[in-house]
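Subject: Structure handover

Hi,

Here is the structure you are taking over. My notes on what was found follow below it.

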Amino acid sequence: MIVRFGYVAMSTVVEKASPSRTMTYKTFSGLLDREAAIRRLEALGAENLHNTLRLLRHNAASDIKVYRFSSKLIPLATHSALADWNPYAALREPFAQIGDFVRKHEMRVSFHPDHFTVFSTPRPEVLQSSIRDLGYHISMLDAMGLDGRSKNNIHVGGAYGDKRSAAERFISHISDLPESYRKRLTLENDDKTFNARETLEICEVLGLPMVLDIHHQWVNNEGELPSELWPRILKTWSGPLAQADSSENDPLPPKIHASSPKSASDPRDHADHVIAAPLLEFLRSIAGITERMDVMLEAKLKDGALFALMEDLARYQGDGVRILDQASVEIMP
C-alpha cells in the first residue's frame with residue numbers, strides 16, 4: 001500500500017508564511033471609507049494566497065502531495081454585512097496561480113469548513129449560514145479551477161438531544177444540496193458525538209466518501225477496532241460522488257486523518273507530533289485490501305510533525321516499511 005502524508009494549512013518550517021491573516025469586522029466597520037476597507041480585505045486575501053503558493057512550493061520541494069488549505073484565505077468573506085462584495089474578481093490571478101501549481105504537481109488539496117458549518121441543525125438560519133459557508137469554500141476551489149477531486153470535509157454536527165433526528169435532518173439537508181456541492185463533500189467521524197460507525201452509516205445513505213479520523217475513533221467508538229470498519233469505509237470511496245472528475249485509471253485514493261493524544265488526561269486534544277507505532281499498526285492492518293492511502297496529519301507542529309514522523313518510520317525499514325520519498329512510504333501487509 002502506497003501512503004502519502006500531508007499536513008494542515010500552516011507551516012512550522014517556512015517562516016512568515018501565514019495563509020490566514022485576517023481583519024475583524026469591528027476593525028473593518030471602524031474604517032470610514034468602505035471601498036478603501038474592502039481594498040484592505042482584498043490585499044490581505046492576496047497576501048494569504050501568495051503565502052499559500054509559497055507553502056505549495058515548499059510542499060513540492062519536500063515531496064508533499066497532500067495539503068489542506070486554510071479556510072481563512074479571504075477575510076470576512078462570509079460576513080452578512082459584506083454579502084454584496086465579490087472578492088474573486090480582484091483575486092482572480094492568485095487563485096489561478098494556485099490552481100495551476102496544484103495541477104502541475106498533481107497535488108491533492110482540500111478544505112475543512114469550521115465547526116459553524118452544521119447541517120444537522122434544526123434552526124433554518126444556521127442551515128442557511130452553513131450552506132453559505134460551504135458555498136464560500138466551493139467558490140474558492142472553483143476560482144482555482146480545481147474539479148471534484150478537491151473536497152470539503154465536514155462533520156455531521158450536533159445531536160441536539162436526539163441523535164437519530166439530527167442524523168435524519170443532516171441527510172435531508174445534504175440531499176437537498178445541488179450535486180455540484182455534494183460531489184465536493186467528505187464526512188468525518190468526530191470525537192464526541194457521531195462516532196465512526198454512525199458517520200459511516202450516513203455516508204452509505206448519501207453516497208458520500210468517509211474520512212476516517214483514527215484519533216477520534218480511538219476516543220469515541222462502540223468497542224470496534226478502526227480496521228473492522230475499514231472494508232465498508234473503503235467502499236464509500238468507489239461511488240460516483242467520491243470519484244467525481246476522477247478517471248478510471250487514476251481514482252482518488254481514500255483518505256484518513258491521523259493525530260496523537262496530547263496526554264492521558266487530555267486524550268482528545270492533538271499532540272505536537274504523531275506517534276508512529278499506533279498509526280503504523282492501523283496501516284498494516286488494512287494494507288492487504290488497500291492499494292493507496294492519503295493521510296492528513298493533524299499534529300500541532302504541522303509539516304514539522306510530518307518530517308519527524310518520516311524519520312520515525314525510517315526506523316521500520318526492513319520491517320514491512322519502505323521509504324519512497326520525503327513524504328510517502330510503502331506499507332507491506
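**The largest pocket**

The largest pocket has a volume of about 1300 Å³. It is lined by 46 residues, and those closest to its centre are His112, Pro113, Asp114, His115 and Phe116. Please keep in mind that this is a predicted model.

Helix α4 (124–143) and strand β4 each supply at least two residues of the pocket lining. The largest share comes from α4, with five residues.

**The cavity**

There is one cavity of 30 Å³ or more in the structure. The volume of the largest cavity is about 60 Å³. Its lining consists of Arg108, Val109, Ser110, Phe111, Arg149, Lys151, Asn153, Thr186, Val211, Trp237 and Lys255. Strands β3 (108–111) and β4 are the elements that give two or more residues to this lining. β3 has the largest share, four residues.

**Strands β4, β5 and β6**

Strand β5 pairs with both β4 and β6. β4 (residues 151–155) runs parallel to β5, and four bridges join them. Across that pairing, Asn153 stands opposite Thr186. Both Asn153 and Thr186 also line the largest cavity.

β6 (residues 210–213) runs parallel to β5 as well, joined by two bridges. Here Leu187 has Met210 as its bridge partner.

Which way do the residues of β5 point? Leu185 and Leu187 point one way, Thr186 and Glu188 the other. All of them are buried. As background, side chains in a regular strand alternate between the two faces of the sheet.

**His257**

Now to strand β7 (residues 255–258), where His257 is found. Is His257 buried or exposed? His257 has a relative accessible area of 1%. The cut-off for buried is under 20%, so His257 counts as buried.

What does His257 touch? Leaving out residues up to four places away in sequence, the contacts are Arg68, His112, Asn153, Glu188, Val211, Leu212, Asp213, Ile214, Met296 and Glu298. Several of these names have come up already. His112 is one of the residues closest to the centre of the largest pocket. Asn153 and Val211 are among the residues that line the largest cavity. Glu188 is one of the buried residues of β5.

**Helix α10**

Helix α10 spans residues 276–286. Its buried residues are Ala276, Leu279, Leu280, Phe282, Leu283 and Ile286. They cover an arc of only 160 degrees around the axis, which puts them on the same side of α10.

Two backbone angles deserve a look. Most residues other than glycine have a negative phi.

- Asp63 has a positive phi of about 65 degrees although it is not a glycine. Asp63 sits in the loop between α2 (34–61) and β2 (66–68). At 27% relative accessibility, Asp63 counts as partly exposed.
- Asp245 has a phi near 70 degrees, again positive in a residue other than glycine. Asp245 lies in the loop between α9 (226–236) and β7. Its relative accessibility is 43%, so Asp245 counts as partly exposed.

Best wishes

Key
Residues numbered from 1 in each chain as written. Predicted model: local features only at pLDDT ≥ 70, side-chain atom pairs only at ≥ 80, totals over all residues. Heavy atoms only, no water. Buried < 20%, exposed > 50% of the residue type's maximum accessible area, 1.4 Å probe, protein only. Arc of directions from axis to C-beta. Pairing = 2+ DSSP bridges. Contact = heavy atoms within 4.5 Å. 1 Å grid on protein atoms, 1.4 Å probe; cavity = no way out; pocket = protein on both sides within 12 Å on 5 of 7 lines; lining within 4 Å. Points joined across faces, edges and corners; volume = space filled by probe spheres on them.
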